[in-house]
Amino acid sequence: MKEHIKIFTGTSILVNRLAYLLDQINIPSIIKDDRESGRLAGFGTFGDSSELHIFNTDLEQATNVIENFQKEIKK
């Protein structure tokens with residue numbers, strides 16, 4: 001059974017960048033953005049965090065991309 005796991009939390013810009021990098025190696029992802037969801041539903045939320053989720057079966061393949069991305073953003 002495929003289940004999603006959260007692999008990264010950050011601003012929507014960073015989450016979208018990591019999602020793009022994973023897409024380049026054919027790993028599908030889901031972005032959970034409570035702020036945008038709240039705006040669309042007509043109520044607001046605080047904070048500017050988005051979450052990136054992938055299938056747990058893709059974690060091993062994605063680990064290298066995630067680690068390199070985290071090194072890149074810490075510079």
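The protein chain has a mean pLDDT of 87, and 79% of its residues reach 70 or more. This is a predicted model, and pLDDT is the predictor's confidence in each residue, from 0 to 100. Confidence in the protein chain is highest in helix H1, at a mean of 96. Confidence is lowest in helix H2, which covers residues 34–41, at a mean of 58.

The overall layout comes next. The protein chain contains three helices and three strands. Followed along the sequence, these elements give the pattern β-α-β-α-β-α. Of the contacts in the protein chain with a separation of 6 or more, 70% are between residues 24 or more positions apart. The chain has 75 residues, and buried residues make up 25% of them. The accessible surface of the protein chain is about 5400 Å², and 51% of this belongs to carbon and sulfur atoms.

Which residues of H1 are buried? They are Val15, Leu18, Ala19 and Leu22. These four cover an arc of only 105° around the axis, which means that they lie on the same side of H1. The buried residues of H1 pack against strand E1 (4–10), strand E2 (29–32), strand E3 (50–55) and helix H3 (59–74).

Ala19 is part of helix H1. Its relative accessibility is 11%, so Ala19 counts as buried, the cut-off for buried being under 20%. Leaving out residues up to four places away in sequence, Ala19 touches Ser29, Ile31 and Leu52. Ala19 and Ser29 are ten residues apart along the chain, and their C-alpha atoms are separated by 6.3 Å.

One of the residues that Ala19 touches, Ile31, belongs to strand E2. Is Ile31 buried or partly exposed? With a relative accessibility of 37%, Ile31 counts as partly exposed, because that class lies between the 20% limit for buried and the 50% limit for exposed. Beyond residues up to four places away in sequence, Ile31 touches Val15, Asn16, Ala19, Ser50, Glu51 and Leu52. The C-alpha atoms of Ile31 and Leu52 are separated by 4.7 Å, although these residues are 21 residues apart along the chain.

Just after H1, Asn26 takes a positive phi of about 60°. Asn26 has this positive phi although it is not a glycine. It sits in the loop between H1 and E2. Its relative accessible area is 68%, so Asn26 is exposed.

Helix H3 can be read in the way used for H1. H3 has 16 residues and reaches 21 Å from its first C-alpha to its last, close to the 22 Å expected at 1.5 Å a residue. In H3, the buried residues are Ala62, Val65, Ile66 and Phe69. What covers them includes E1, H1 and E3.

In soluble globular proteins, nonpolar side chains tend to be buried together. The largest nonpolar core of this model has 13 residues. Which of them touch the most other members? They are Ile7, Phe8, Leu18, Leu22, Leu52, Ile54 and Ala62. E1, H1, E3 and H3 are the elements that give two or more residues to this core.

At 38% relative accessibility, His4 counts as partly exposed. Not counting residues up to four places away in sequence, His4 touches Ile30, His53, Ile54 and Phe55. His4 and Asp58 are 54 residues apart along the chain, and their C-alpha atoms are separated by 9.4 Å.

Technical notes: Residues are numbered from 1 along each chain as its sequence is written. This is a predicted model: local features need pLDDT of at least 70, side-chain atom pairs count only at pLDDT 80 or more; totals for chains, interfaces and linings use all residues. Side-chain values use heavy atoms; hydrogens and water are left out. Buried means under 20% relative accessible area, exposed over 50%, partly exposed in between (1.4 Å probe, protein chains only). The arc is that of the directions from the helix axis to the C-beta atoms. Contact means heavy atoms within 4.5 Å. Accessible areas come from the Shrake-Rupley method with a 1.4 Å probe; for residues, only the protein chains shown count as cover. A nonpolar core is a set of buried Ala, Val, Leu, Ile, Met, Phe, Trp, Tyr and Cys residues joined through side-chain atoms within 4.5 Å. The expected span of a helix is 1.5 Å times one less than its number of residues.
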